[in-house]
Amino acid sequence: MSKKTKISCFLVRRNRNILRFLQFVFLLLFIPQLKAQNSLNYVDFVNPFIGTQRMGHTFPGATVPFGMVQLSPDTDTISYEKAGNYNPEVYAYCAGYQYDDPTIVGFSHTHFSGTGHSDLGDILLMPISGKLKINPGTAKNPESGYRSRFDHDDETAVPNYYQVKLKDYDINAELTATTRAGFHRYTFSDTSSNYLILDLMHGIYNYDDKNVWTFIRVENDTLITGYRQTSGWARTRTVYFALVLNTPLLNYGHEKYDSSVYNGFYRKFDESQNFPEIAGRKIRMWLEPKLPKNKELLIKIGLSSVSAKAALNNLETEIPHWDFDRIVLEGQQSWNQELSKIKAETLTDDDQVVFYTALYHSFLSPITYMDADGRYRGLDQEIHQAEGFTNYTIFSLWDTYRALHPLFNLIQPDRSHDMAESMLAHFDQSVHPMLPVWSHYANENWCMIGYHSVSVLADAIVKGTYRGDLKRALNAAATTAQYPLYDGLNYYMQLGYVPEDKSSNAVSKTLEYAYDDWCIAQIAEQANDSETKSAFERRSFNFRNQFNAASGYMHPRLANGTFRSQFDPFDTHGQGFIEGNAWNYGFYVPHQIPEMIELMGGKTAVDAKLDSLFTLELSDEHIAKNEDITRDGIIGLYVHGNEPGHHIPYLFNYTDSPEKTQERVRMIQKTMYANAPDGLCGNDDCGQMSAWYIFSALGFYPVCPGSDEYVIGSPSVKSALVDLGNGKSLQILAKNQSEKNIYVKKVQLNGKPVADFKLSHQALLQGGLLEFEMTERF
């Protein structure tokens with residue numbers, strides 16, 4: 001017993017009143033300090049389960065900021081294909097995990113966050129006890145395979161740590177990660193008949209022939225290396241791994257599900273058990289380890305796109321020991337450092353969790369995509385060396401150019417520079433050549449439309465975060481925008497619009513190409529290239545060619561110049577728009593909003609149309625054929641659950657009705673986001689949905705990325721201290737903040753009034769105080 005404890009016990013015995021007095025003094029003096037210290041641990045405010053139910057498509061597992069490994073549970077094995085066609089049930093499993101599922105199949109090392117299409121789910125491990133089972137089984141009949149039931153009461157998820165009790169085996173599973181490695185800790189209840197399943201057939205958006213090849217080597221009784229190559233959303237993707245155990249293997253084996261008729265002279269061997277070299281297309285492996293006395297099995301797995309040797313080096317570099325708890329803590333320290341870039345005070349505890357979980361989701365991707373030595377596999381499938389930058393992948397650009405990359409330009413300037421360099425490296429390796437459209441893991445998957453890399457580059461250049469060669473960036477952007485084989489771009493360059501009878505979703509393409517062309521003009525201006533600037537400025541007005549004054553909408557047009565007669569502005573399918581309709585996409589001219597307003601009849605008419613957007617009803621039949629648009633994310637006709645309309649609530653500022661922007665923005669923050677598993681109204685889309693929330697909670701939003709301008713909304717935070725990454729910070733203060741005081745009476749930046757409800761990025765970079773005066777009535 002310590003001296004202090006002895007004194008306390010003495011006081012208790014002698015005079016309980018003195019003890020109570022001392023306790024009171026302690027509470028009075030020290031508890032506020034403890035609370036202040038605890039408030040700095042922003043990890044405590046993150047709920048990784050937000051978005052794991054229904055449409056959010058997020059994962060609850062362990063990862064570090066922008067980490068290459070996302071070690072997370074997968075709850076089912078739904079196939080992408082059913083009877084030769086797309087299986088719509090697979091859509092729910094874009095992140096591998098659905099909160100309502102009763103079973104866990106295992107723990108794989110790669111996951112997207114919030115996407116509406118998918119891939120990955122590499123290198124799945126599952127610990128089991130009792131009878132050896134190689135097949136995963138089914139959710140309806142878990143006993144038929146190695147999967148296990150679980151309860152949320154026995155499940156924990158915090159940044160860089162995930163834990164679950166596998167009920168069928170009474171095994172406690174714990175996961176943590178570093179940038180390039182996953183760390184597993186499995187605590188068994190029994191020391192006999194325990195196995196580890198290594199399933200290299202498992203994958204997300206899987207189908208029968210997705211695995212192209214798998215190769216495994218049992219190097220010794222504690223080290224296994226290998227790779228698998230898959231052809232899915234990324235059609236040529238190779239993942240190397242190195243797996244190390246803290247205890248030797250007693251036995252191991254595999255089952256091969258290939259239909260190949262040729263096995264050469266490997267028929268000399270019984271390859272099914274304790275044979276150290278395994279190759280094939282469809283392989284599941286089982287491992288029988290010698291369980292330590294404490295019944296804890298530790299497994300470390302390093303990943304690489306370069307080689308198994310590189311995967312092992314990544315592992316040994318990042319986890320050179322067996323201290324699981326240390327890796328948890330180090331990862332959480334990294335998260336705390338990143339999350340503390342914004343120190344926010346909110347109205348409620350739930351608001352605080354929603355805010356910091358949104359920031360957490362914003363920092364999951366793009367991911368680091370290079371080894372500890374800087375090497376990575378490029379788009380050309382060759383091995384490259386990243387010189388002077390961190391190479392990133394997972395660029396969901398149709399989504400993330402809108403708010404996520406602008407958020408990086410505000411609070412992650414160095415990463416933003418490196419992401420721009422990564423996109424330019426992609427261009428250098430492209431055979432077309434083009435900047436990325438939607439790229440991941442050394443592949444271009446061509447998902448969605450536009451060439452929004454140019455928006456990301458323009459925003460980084462205009463805001464000063466990209467420090468590289470402007471002429472190189474301009475050449476990449478201009479070349480990309482003139483590639484005639486891409487998605488109706490030849491017609492766009494010939495006619496000034498994309499005709500719907502030649503290329504589907506044509507209206508959306510014309511509008512997005514026009515905006516992207518404006519972005520290229522901004523890059524050209526920064527590069528002092530007046531000729532290129534003029535050329536792309538002219539192209540940026542092509543949105544005019546898509547507006548039909550007779551219908552009052554952005555309207556699908558045919559190659560002969562006429563507007564299509566069959567047209568339903570409410571329908572989200574087959575009307576010339578991708579994942580949207582004429583009501584939402586009609587307001588997409590972010591670079592020329594005043595002219596768009598004039599085209600549509602002036603401020604009064606547009607103000608009324610915006611009102612109608614939030615009050616009219618979108619029928620079920622108009623969204624029936626679009627899996628990315630559901631009731632979860634709809635307000636009237638406005639679709640917040642998908643990206644094309646994210647800027648729309650801020651457009652009332654341009655119709656002289658800023659109070660309506662303030663009303664809508666606060667309503668969306670309150671109704672479309674929540675501290676619950678279904679707390680995201682749509683796919684988080686690699687952080688875009690979350691980045692919208694962060695900007696809006698702070699009180700401003702980048703309506704037109706590529707410009708220096710933010711548009712003011714209605715902050716929901718009480719205060720925030722924003723680290724700008726340049727040695728300066730911005731203090732945001734919302735005076736008189738409350739649930740009812742949603743209107744902004746006055747805005748001042750460093751004591752000077754802010755006019756027109758607009759802020760400049762350069763002004764914010766100087767730091768200081770951004771002060772909102774909130775009121776209940778406008």
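This is a predicted model: local features need pLDDT of at least 70, side-chain atom pairs count only at pLDDT 80 or more; totals for chains, interfaces and linings use all residues.
I started at Ser259, which sits in the loop between β16 (249-256) and β17 (277-280); helices (H or I, at least four residues) and strands (E, at least two) are DSSP runs, numbered from the N terminus. Ser259 is exposed, with a relative accessible area of 73%. I use buried for under 20% relative accessible area, exposed for over 50% and partly exposed for in between (1.4 Å probe, protein chains only).

Residues are numbered from 1 along each chain as its sequence is written, and side-chain values use heavy atoms, with hydrogens and water left out.

**Thr247**

Next I looked up Thr247, in the loop between β15 (237-245) and β16. Thr247 counts as buried at 6% relative accessibility. What does its side chain reach? I found the backbone oxygen of Lys290, at 2.3 Å. A polar contact here is a pair of N or O atoms within 3.5 Å; within protein, one must be able to donate a hydrogen and the other to accept it, and residues adjacent in sequence count only if both atoms are side-chain atoms.

**Helix α4**

I then followed α4 (residues 324-339), whose 16 residues reach 23 Å from first C-alpha to last, close to the 22 Å expected at 1.5 Å a residue (1.5 Å times one less than the number of residues). At its start, a side-chain oxygen of Asp323 comes to within 3.4 Å of the backbone nitrogen of Asp325. The buried residues of α4 are Phe324, Ile327, Val328, Gly331, Gln332, Trp335, Glu338 and Leu339. They cover an arc of only 130° around the axis, so they lie on the same side of α4; the arc is that of the directions from the helix axis to the C-beta atoms.

I noted two cis peptide bonds. The one from Ser365 to Pro366 has omega near 0°, and Pro366 lies in the loop between α5 (349-362) and β21 (367-368). The one from His432 to Pro433 has omega near -10°, with Pro433 in the loop between α8 and β26 (438-439).

Trp446, a residue other than glycine, has a positive phi near 65°. Trp446 lies in the loop between β26 and α9 (453-462) and is partly exposed at 35% relative accessibility. Asn736 also has a positive phi, near 65°, and is partly exposed at 48%.

On a 1 Å grid over the protein atoms alone, a cavity is a set of points where a 1.4 Å probe fits but cannot get out, and a pocket is an open set with protein on both sides within 12 Å along at least five of seven lines; lining residues have an atom within 4 Å of a point. Grid points are joined across faces, edges and corners, and a volume is the space filled by probe spheres set on the points.

The largest pocket holds about 370 Å³. Of its 18 lining residues, Thr77, Met201, His202, Asn206 and Arg284 lie nearest the centre.

I counted six cavities of 30 Å³ or more. The largest cavity has a volume of about 140 Å³. Asn391, Tyr392, Thr393, His426 and Ala442 are the closest to its centre among 16 lining residues. α8 gives the most to this lining, with four residues.
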